[in-house]
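Please have a look at the sequence and the model before reading on.

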Amino acid sequence: MLGMFKGMLSPMLSITAINSILFGVRGNLLKYYESPTLLNHYMAGSAAGATQVVISCPSELAKIRMQMSGVGEKTDIRGYKGSLRTLKAIYRIEGMRGCYRGLIVTAARDVPAFGFYFMTYEASRREFVKRNLPEVMTEAVAGGLGGVASWVLTYAVDSIKSRVQADGVGGVNKYKGLADAVYLSVKHDGIFDLHKGLGVAVTRAFAVNALIFTVFIYSRKFLVERKGLVK
């Protein structure tokens with residue numbers, strides 16, 4: 001059972017920083033507009049997505065390498081016991097460049113993904129407000145739909161990112177670079193195979209992001225109305 005939770009610590013440690021960056025950058029950028037359009041929300045979300053890549057890339061690399069631990073390695077990857085130790089081991093073997101393996105493809109996924117994420121959330125929220133739905137339902141469903149949209153539109157890129165970051169675990173690099181990874185993935189598996197697992201990802205995305213937006217909105221409201229800590 002514990003094997004199903006391999007690599008869990010890495011996203012747990014990084015998710016606070018990632019979401020702080022995402023909502024903080026987006027919120028501050030939107031302050032420049034009196035009445036932000038959906039395009040403004042997309043651009044602000046994309047900028048926020050680009051900013052958090054510096055954390056999400058090594059975090060997801062550590063998670064993937066830990067999940068792949070024991071899969072035919074010829075290196076000392078079997079010795080990975082935690083997220084930080086994993087990154088230290090990667091740094092020792094591959095240097096800082098190795099810790100940011102897949103940075104470009106991670107950015108290629110996250111920049112549009114978070115643009116669609118926040119734009120879909122805002123478009124859904126506006127529609128639900130017009131229909132006078134309860135606030136908690138509005139935030140939860142709009143947040144969930146934002147998460148679903150971001151995954152549906154960028155899942156194939158995420159599949160390639162995972163392959164790039166997992167490459168070399170068996171002691172041999174299968175891909176010569178990002179372009180080669182894209183070419184071989186599409187050639188051997190086709191576009192449809194790059195969407196394997198999308199149903200599970202979408203189901204998780206709706207539940208997780210429904211909670212994220214609900215907790216964010218009500219936490220912010222609490223700080224504004226009762227503590228005056230947030231403007």
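The notes below cover salt bridges and then cysteines.

This is a predicted model, in which local features need pLDDT of at least 70 and side-chain atom pairs count only at pLDDT 80 or more, while totals for chains, interfaces and linings use all residues. Residues are numbered from 1 along each chain as its sequence is written, and side-chain values use heavy atoms, with hydrogens and water left out.

**Salt bridges**

- The count comes to 11 salt bridges, where a salt bridge is a side-chain nitrogen of Lys or Arg within 4 Å of a carboxyl oxygen of Asp or Glu.
- One network of salt bridges links E60, R109, D110, D158 and K161.

**E94 with R101**

- E94 and R101 form a salt bridge, and their closest N and O atoms are 2.9 Å apart.
- E94 is partly exposed because its relative accessibility is 29%; here buried means under 20% relative accessible area, exposed over 50%, and partly exposed in between, using a 1.4 Å probe and protein chains only.
- R101 also has its own value, 22% relative accessibility, so it counts as partly exposed.

**E122 with R125**

- A salt bridge joins the side chains of E122 and R125, at 2.8 Å from N to O.
- Both residues sit in helix α5 (residues 103-130), and because they are three residues apart, about one helical turn separates E122 from R125.
- Helices here are DSSP runs of H or I with at least four residues, strands are runs of E with at least two, and both are numbered from the N terminus.
- E122 counts as buried at 5% relative accessibility, whereas R125 counts as partly exposed at 25%.

**D193 with K196**

- The side chains of D193 and K196 meet in a salt bridge at 3.9 Å, N to O.
- D193 has a relative accessible area of 30% and is therefore partly exposed, while K196, at 58% relative accessibility, counts as exposed.

**Cysteines**

- In general, a disulfide is a covalent bond between the sulfur atoms of two cysteines.
- The structure holds zero disulfides, taking a disulfide as a pair of cysteine sulfur atoms within 2.5 Å.
- C57 is in no disulfide, and the nearest cysteine sulfur, that of C99, is 9.3 Å away.
- Seen from C99, the closest cysteine sulfur is the one in C57, and at 9.3 Å this is too far for a bond.
- C57 counts as buried at 0% relative accessibility, and C99 is buried with a relative accessible area of 7%.
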